[in-house]
Amino acid sequence: MGPLEIILIILGVILLIGLISNIKIVPQAHEYVVEFFGKYKRTLKAGIHLTVPLAEKVSKRITMMEQIMDAPPQPVITKDNVTMQIDSVVYYRVYDSKLYAYGAVNPEIALANLTATTLRNIVGELDLDGTLTSRDLINAKMTEIIDKATDEWGIKVTRVELKNIIPPKEIRDAMEKQMKAERDRRETLLQAEGHKSAIITRAEGDKQAAILQAEGERDARIARAEGEAREIYLKKKAEADGLQELIKAGITPEVLELKRFEALEKVADGQASKIIVPTDAVEMVKKDVIFAESAGVGDVTKQGKKKAEPKSADPCCDK
């Protein structure tokens, strides 16, 4: 093998190594920025690519996936001059590799500084209470402002979130005391409401019980009155039916008068009772001897004088 052949073999090996080194395999969700003699030439997408040896080189490898930038806590002054520590998280992704590579010297540092200044501007327009209760408003404003400012860097800001808002220790102590006082007030209010509800419920129960008791007593009186009225009605009806039967049997008027007198005797039965005998009853007694004897009003039978019993002789004096 002559010297010429050896040189050709060496050149072939060098050429093969150069070709292999200029084969670029771009992973998924990544892009490579290629320069041709120091000037931007093209952007390589995911896949296999071949670059020109010695002329083209990859100047920047960029991931297209969403990234997270965790900004450290920084002092922020509110509108009412309260200094607090606030840290935030920025979610972003690269949508243009060329702008990202040539838009800023260090896009990550530029994004961090832009986030800090934007946060100070927004919080500076709010007081302490507004800052603590307006997280969503602050997040929305920061996302809008930062996303618009980073368009020239090829960055798309998807959202910004505030992680922690740390007021000064004095403010935290005052807030804790205020929260404790508020909890005590709510507890007292709830106890008072519960006591009030219990009293009202008890009063309603007593009222309902009294109403039910009164209704029960009323119903009992009505039932007793109806029972007594029914009893009187049945008695009178029985007496009336008895008289009707006597009339149907052909009873004489004298016997009817006797029945009336017996009824008067029953009415007069008792202490401190008086009976008034009607005139027609007296006339009937005068006229009817049988009725007078049976009623005991008088005795028409004349009784003679009792004979005087002879005195027995006194053995001692009558001699």
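Residues are described here as buried when their relative accessible area is under 20%, as exposed when it is over 50%, and as partly exposed in between, with a 1.4 Å probe and only protein chains considered. The structure is a predicted model, in which local features need pLDDT of at least 70 and side-chain atom pairs count only at pLDDT 80 or more, whereas totals for chains, interfaces and linings use all residues. Residues are numbered from 1 along each chain as its sequence is written, and side-chain values use heavy atoms, with hydrogens and water left out.

Of the 319 residues of the chain, 23% count as buried. The accessible surface, computed by the Shrake-Rupley method with a 1.4 Å probe, comes to about 23,500 Å², and 59% of this area belongs to carbon and sulfur atoms. The chain holds nine helices and nine strands, taken as DSSP runs (H or I of at least four residues for helices, E of at least two for strands) and numbered from the N terminus.

Nonpolar cores were defined as sets of buried Ala, Val, Leu, Ile, Met, Phe, Trp, Tyr and Cys residues joined through side-chain atoms within 4.5 Å. The largest such core has 30 residues, and Ile86, Leu119, Ile138, Met142 and Val157 are those with the most contacts inside it. Two or more residues are given to this core by each of strand E8 (83-94), helix H2 (97-102), helix H3 (107-123), helix H5 (135-149) and strand E9 (155-166). Apart from it lies another core, of five residues, which include Val26, Tyr32, Leu44 and Val58. With residues up to four places away in sequence not counted, Ile138 touches Leu119, Ile122, Val123, Leu126, Thr131 and Leu162.

Phe37, in the loop between strand E2 (30-36) and strand E3 (39-44), has a positive phi of about 55° although it is not a glycine, and at 62% relative accessibility Phe37 counts as exposed. Leu54, in the loop between strand E4 (47-50) and strand E5 (56-63), likewise has a positive phi, near 65°, and is exposed, with a relative accessible area of 86%.

Aromatic pairs were assigned to rings of Phe, Tyr and Trp (its six-membered ring) whose centres lie within 6.5 Å, with planes under 30 degrees apart counted as stacked, over 60 as edge-to-face and the rest as tilted. A search of the whole structure finds two such pairs. In one, the rings of Phe36 and Phe37 have centres 4.7 Å apart and planes at 80°, so the pair is edge-to-face; Phe36 is partly exposed, at 33% relative accessibility. In the other, the rings of Tyr40 and Tyr102 have centres 6.0 Å apart and planes at 80°, so this pair is also edge-to-face. The latter pair links distant parts of the chain, with Tyr40 in strand E3 and Tyr102 in helix H2, 62 residues apart. Tyr40 is partly exposed at 26% relative accessibility, and Tyr102 is partly exposed with a relative accessible area of 41%.

Notes
Contact means heavy atoms within 4.5 Å.
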